[in-house]
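Visitor: I would like to learn how to read helix packing and backbone geometry in a model like this one. Could we go through it feature by feature?

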Amino acid sequence: TLDLAERAARMLGATVRELTVHAVDGVDLSIRKGEVMGLVGESGCGKSTLGRMVAGLHPPSAGQIRFRGRDVASLKGADAREAALKVQMVFQDPMSSLNPRMRVDQIVGEAPRVHGLAGSGEIDAYVEAALQRVGLDPAMRKRYPHQFSGGQRARIGIARALAVQPDFIVCDESVAALDVSIQAQILNLFMDLREELDLTYLFISHDLGVVEHISDRIAIMYLGRMVEQGASEEIFTAPNHPYTQALLAEIPTFATTKKTYSAIKGEIPSPIDPPPGCHFHPRCPHAFERCRVERPALKEIAANRYSACHLNDMS
Ligand code: SF4
Ligand code: MG
């Protein structure tokens, strides 16, 4: 699965950077210290691009990323380095994000060594502590990634992120490649680490079911725009936006035991030439004339509850 910007860039033969601004358009997201923010949307909705911007891996061409209240782009020297280290990313597929020619101790120890967080004599202890935290036997530290199971590789990816003692972790589809039972183990690990280390997470997934139990709040994106945000429980008990309702209809346990909503119809449209008005209108069961011409603004519809749908103006 490719991100919106990547997909668009391939089709146009342009560079990803030039199209970034279209990948994430007018998105406002603030994450409080200690909370888990789930970010959900279909492949190509711009959620990974947003995650990479938050993690400092992809500079926004417009707008700001603020960390602890300060615009990250304006930071210099030690402040910039500190901000970069405090926000770490755990990637989608451990097999492709772990260098196959590096041993686990080299993978986990690389960032602390490069950034001078540990002297050469201390790296081993650093690596051991990181591996123990994620439930891996430090005795396995001389092995290579292919000698581990998928779940263990996910743990290695997490240990690598933890090795620089971050405050904030961006998880991009971090459990998507795993079997369901292993997914649950890794999600539990994320939650244990949150308690132990006082972490904050932006947890990105295409699967609303995955983020349900771990998120305090959930943000839903569609074709580069934020369509709904709210407390996790409210999103699940009273989804406002027709797109959120459609995503819920795709979760088997939800669809059978709770309210029924229409499943989503049709393919996700081209990110290069998204539908006018509300991007969701060709797939929305409630679309009406205004939806085809006017973009719905993200409005506060209740306390700390936001949705971008014209239907909210009619009730
Ligand atoms: Fe559907 Fe219109 Fe609301 Fe968009 S604005 S979600 S098309 S009802
Ligand atoms: Mg992605």
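Visitor: Which are the buried residues of helix α6 (residues 104–114)?

Guide: Keep in mind that this is a predicted model. A residue counts as buried if 20 or more other C-beta atoms lie within 10 Å of its own, and in helix α6 the buried residues are Val104, Asp105, Ile107, Val108, Gly109 and Pro112. Just after α6, Gly116 takes a positive phi of about 65°.

Visitor: What do the buried residues of α6 pack against?

Guide: They pack against α7 (123–133) and α8. For the pair α6 and α7, the packing angle is about 115° and the axes lie 9 Å apart, and the crossing is right-handed. On the α6 side the contact involves Asp105, Val108, Gly109, Pro112 and Arg113, which meet Ile123, Tyr126, Val127, Ala130 and Leu131 in α7. By residue class, this contact of α6 with α7 divides into 7 nonpolar, 1 polar and 2 charged.

Visitor: At what angle do the axes of helix α8 and helix α9 cross?

Guide: The axes of α8 (residues 150–162) and α9 (residues 180–197) come within 10 Å and cross at roughly 20°. Angles under 35 degrees count as roughly parallel, and therefore α8 is described as roughly parallel to α9. The crossing of these two helices is right-handed, and the contact is made by Gly150, Gly151, Ala154 and Ile158 of α8 together with Ile182, Gln185, Ile186 and Leu189 of α9. The residues of this contact divide into 5 nonpolar, 3 polar and no charged.

Visitor: Is Glu173 buried or exposed, and is Asn304 buried or exposed?

Guide: Glu173 is buried, because 21 other C-beta atoms lie within 10 Å, whereas Asn304 is exposed, with 10 other C-beta atoms within 10 Å.

Visitor: Finally, which residues come nearest to ligand 1?

Guide: Of the 13 residues around ligand 1, Cys278, His281, Cys284, Cys291 and Cys309 come nearest. When the residues of that shell are sorted by class, they divide into 9 nonpolar, 4 polar and no charged, with Cys counted as nonpolar in this scheme.

Definitions and conventions:
Residues numbered from 1 in each chain as written. Chains lettered and ligands numbered in written order. Predicted model: local features only at pLDDT ≥ 70, side-chain atom pairs only at ≥ 80, totals over all residues. Near = placed C-beta within 6 Å. Axes fitted to C-alpha atoms, helices over the stretch in contact; angles between N-to-C directions. Helix = DSSP H or I, 4+ residues; strand = E, 2+ residues; numbered from the N terminus. Parallel < 35°, antiparallel > 145°, perpendicular 65-115°, else oblique. Left-handed = near helix turned anticlockwise from the far one by under 90°. Contact = placed C-beta atoms within 7 Å. Buried ≥ 20, exposed ≤ 12 C-beta atoms within 10 Å, placed from the backbone.
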